[in-house]
Structure formats: structure tokens, C-alpha cells
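Hi there,

Here is the structure I promised to pass along.

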Amino acid sequence: MSTVQASETPTLLLVGSSGGHLAQLLALRPWYERWPRCWVTFDTPEAVSLLAGEELVAAHHPTTRNIPNLLRNAWLAVRVLRRRQVAAVVTTGAGVAVPFVVLARLRRIPTIYIEVYDRIDTPTLTARLCRPFLSAMLVQWDEQRRQYPEATVVGTLL
């Protein structure tokens with residue numbers, strides 16, 4: 001696990017909770033493997049194992065209805081976005097994504113949200129919170145466009 005480091009190279013920032021959110025981001029490997037990247041997720045044994053050899057910034061959890069950790073992650077987002085040149089923020093959620101998306105957008109950094117594959121009939125809270133700050137909304141099912149008519153369908157990641 002690395003600490004937040006200064007960087008001159010434009011970096012792709014992949015942000016997501018551990019578990020299924022992280023698994024869906026990992027499924028993008030053929031796309032992101034050619035880019036310098038940094039991951040923001042929770043410091044869980046599973047995440048550390050899956051991201052072995054990758055640059056990882058540990059976010060604070062739990063994030064669900066936890067205002068202190070939201071504030072900690074907002075401060076983490078400020079530090080990460082200040083110390084490195086971020087080319088884009090890509091996320092599948094959940095709560096850890098909100099401060100990174102909002103602050104990145106305020107800094108005019110492109111923000112891409114991929115709605116998770118298991119929420120077909122209703123939008124996730126994180127997507128609803130991030131939506132006003134997104135450069136692009138991607139969904140995995142045609143049915144998800146009922147909630148997100150502006151979204152691009154990319155197909156299932158898993």
C-alpha cells in the first residue's frame with residue numbers, strides 16, 4: 001500500500017469500494033492496463049491481494065451513512081487530486097466515489113461513472129449523488145437507461 005505521492009505523469013484514478021465494485025473495475029483491465037493508474041479503495045485483505053503490484057491509496061470505511069469517513073475521504077480526495085496530475089476519475093461507486101467525483105469535477109478533471117450491473121430497476125444512491133458532476137455516465141444494461149437516458153450502454157463487465 002502506497003501513500004499519496006506527487007506525480008507529473010497523467011494518471012488514471014480508479015475509485016471504488018472493495019468487493020463487487022472493485023471486481024467490476026478490475027474487469028476493465030484490457031482498457032486501463034496501458035495507462036499509468038492509481039487505485040483508491042479500502043485496505044481489505046481481498047483488495048490488497050487483487051491489486052498486488054498496483055499503486056493503491058487506502059480510503060476510509062465504512063462509508064454508508066458515516067459522515068466522519070465521508071469527511072476523511074473528502075480530505076483524502078483533496079490530497080490525491082492536489083498531488084498528482086489526474087487524467088480522469090473512473091468509478092463504479094459506492095460511497096467512497098462521491099468526494100473524488102465531486103472534487104475532480106470542480107477541478108475540471110473528467111469523471112466517469114459506471115453503474116453497477118446488479119441495479120437494473122433503480123439507481124444507486126451513489127450514482128444519484130455523483131450524476132450532476134459526471135462527464136460520462138455508463139451503464140451495463142439497456143434497461144438501466146430508464147434511470148439514465150443520457151448514459152452510454154457498455155455491456156456487462158462481469
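Below is what I found on salt bridges.

Please keep in mind that this is a predicted model. The count comes to 5 salt bridges, and I will walk you through three of them here.

In the pair of arginine 29 and glutamate 54, the closest N and O atoms are 3.7 Å apart. This pair joins distant parts of the chain, with arginine 29 in helix α2 (residues 29-32) and glutamate 54 in the loop between α3 (45-50) and β3 (56-59), 25 residues apart. For arginine 37 and glutamate 54, the closest N and O atoms are 2.8 Å apart. Here the partners are 17 residues apart, and arginine 37 sits in strand β2 (residues 37-42).

Arginine 29, in turn, is partly exposed, with a relative accessible area of 38%.

Another salt bridge is formed by the side chains of aspartate 121 and arginine 146, at 3.6 Å from N to O. Aspartate 121 lies in the loop between β5 (111-114) and α6 (125-130), and arginine 146 in the loop between β6 (136-139) and β7 (152-153), so the bridge ties together parts 25 residues apart in sequence. Both partners count as exposed: aspartate 121 at 58% relative accessibility and arginine 146 at 59%.

Terms used
Residues are numbered from 1 along each chain as its sequence is written. This is a predicted model: local features need pLDDT of at least 70, side-chain atom pairs count only at pLDDT 80 or more; totals for chains, interfaces and linings use all residues. Side-chain values use heavy atoms; hydrogens and water are left out. A salt bridge is a side-chain nitrogen of Lys or Arg within 4 Å of a carboxyl oxygen of Asp or Glu. Helices (H or I, at least four residues) and strands (E, at least two) are DSSP runs, numbered from the N terminus. Buried means under 20% relative accessible area, exposed over 50%, partly exposed in between (1.4 Å probe, protein chains only).
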